[in-house]
Amino acid sequence: MKFCVLASGSKGNATWIEEGQKAILIDNGLSAKELKARADCRGLNLNRLMAVVVSHEHSDHVKGVGPLARQLDLTVYGTLGTLKAAASSLQGLRLKTFKSGDELDLKFMRLTAVSVSHDAAEPVAFVICGQSGRLGLLTDLGTPTHLVRESFRELNALIVEFNHDLEMLVEGPYPAFLKQRVKGNLGHLSNEAGAKLLGRLCHEGLAKVILGHLSDINNTPKLALKEARRVLDQLGANPDVLAAEQVKPTQVFEI
Ligand SMILES: [Zn+2]
Ligand SMILES: [Zn+2]
């Protein structure tokens with residue numbers, strides 16, 4: 001299984017996952033032109049896309065889904081709550097729902113949708129199983145629940161939220177209500193909370209860790225990576241670790 005984080009952050013998210021020449025996109029907050037440019041520069045052919053799967057209806061995840069699905073005639077998958085909340089941008093498209101907790105079997109890969117604590121209608125995160133491994137996509141996570149810690153075990157690669165440095169958020173320019181939203185139980189994970197969760201999910205088989213959804217105002221890749229490495233060092237674990245970016249795609253990873 002191959003994957004590439006094409007964009008990550010509050011201005012747009014998109015993750016490419018490919019198994020045997022067939023691919024899906026999880027979320028698309030990019031314009032069709034930008035998505036194509038990013039896919040092209042990593043050698044990813046949009047004609048391999050079989051479906052778009054949506055985690056939740058926030059615009060940084062959904063605003064490019066309608067145009068892309070129309071252009072490539074793709075089915076859009078989401079929970080009923082997500083598809084209802086995003087209905088105005090998905091009109092006329094072929095939609096399929098799944099329930100959180102369900103396994104979505106696309107034949108060439110299987111996804112398990114895990115309910116998460118985030119301020120959207122029915123948000124989920126995903127464990128994606130291909131022939132050669134398991135990938136977890138875990139961002140937009142207000143607080144790590146027992147269900148999340150149980151569901152995201154035994155992964156070979158993990159994309160995990162490291163949204164903000166708490167001190168930068170508290171001291172930073174956001175208005176008080178937004179600071180409260182971001183750090184609340186339905187908001188986003190801090191570097192500290194992301195690292196703690198990473199420590200819980202880390203095991204011998206975890207080879208790649210991608211820190212995701214970093215705030216460009218309240219975080220830096222350097223701070224996020226330092227916090228992740230601190231926890232991994234304590235555990236004596238040594239997976240590849242890098243921070244995904246808003247402005248350019250990661251390399252294409254293989255697990
Ligand atoms: Zn988001
Ligand atoms: Zn969100």
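Strands β9 and β10 are joined by a hairpin of four residues. Helices (H or I, at least four residues) and strands (E, at least two) are DSSP runs, numbered from the N terminus, and two strands are taken to pair if DSSP finds at least two bridges between them. The structure is a predicted model, in which local features need pLDDT of at least 70 and side-chain atom pairs count only at pLDDT 80 or more, while totals for chains, interfaces and linings use all residues. Residues are numbered from 1 along each chain as its sequence is written, and chains are lettered from A and ligands numbered from 1 in the order in which they are written.

Strand β9 (residues 124–129) and strand β10 (residues 134–138) run antiparallel and are connected by four bridges; V127 has G136 of β10 as its bridge partner. Strand β8 (residues 110–115) is also antiparallel to β9, to which six bridges join it, and A113 stands opposite F126. Five of the six residues of β9 are buried, a residue being buried if 20 or more other C-beta atoms lie within 10 Å of its own, exposed if 12 or fewer, and partly exposed in between, with C-beta atoms placed from the backbone.

An open sheet is formed by seven strands in the order β6-β5-β4-β3-β2-β1-β14, with mixed pairing. Strands β6 (95–97) and β14 (253–254) stand at its edges with a single partner strand each, so one side of each has no neighbour in the sheet. Within this sheet, β4 (residues 49–53) pairs with β5 (residues 75–78) in the parallel sense over three bridges, and V53 has Y77 as its bridge partner in β5.

Helix α1 (residues 32–41) packs on the sheet, where it touches β1 (2–7), β2 (14–19) and β3 (22–28). Contact requires that the C-beta atoms of two residues, placed from the backbone, lie within 7 Å. The direction of α1 makes about 140° with that of β1; axes are lines fitted to C-alpha atoms, for helices over the stretch in contact, and angles run from 0 to 180 degrees between N-to-C directions. Residues L35, R38 and A39 of α1 are buried. Seen down the helix axis, the buried residues of α1 fall within an arc of 100°, so they line one face; the arc is that of the directions from the helix axis to the C-beta atoms. These buried residues pack against β1, β2, β3 and α3, whereas the face turned away from them carries the exposed residues K33, D40 and C41. After α1 comes G43, with a positive phi near 70°.

Helix α3 (residues 65–72) lies across β3, β4 and β5 and runs at about 155° to β4. Its buried residues include V65, G66, L68 and A69. Down the axis of α3 the buried residues fall within an arc of 170°, so they too line one face of the helix. Their cover includes β3, α1, β4, α2 (59–62) and β5. Just after α3, D73 has a positive phi of about 55°.

Helices α8 (residues 191–201) and α9 (residues 221–235) pack at an angle of about 30°, their axes lying 9 Å apart. The two are therefore roughly parallel to each other, a term applied to angles under 35 degrees, with those over 145 counted as roughly antiparallel, 65 to 115 as roughly perpendicular and the rest as oblique. Their crossing is right-handed, which denotes that the near helix is turned clockwise from the far one by less than a right angle, anticlockwise being left-handed. In this pair, N191, E192, A195, L198 and G199 of α8 meet L223, A224, E227, A228, R230, V231 and L235 of α9.
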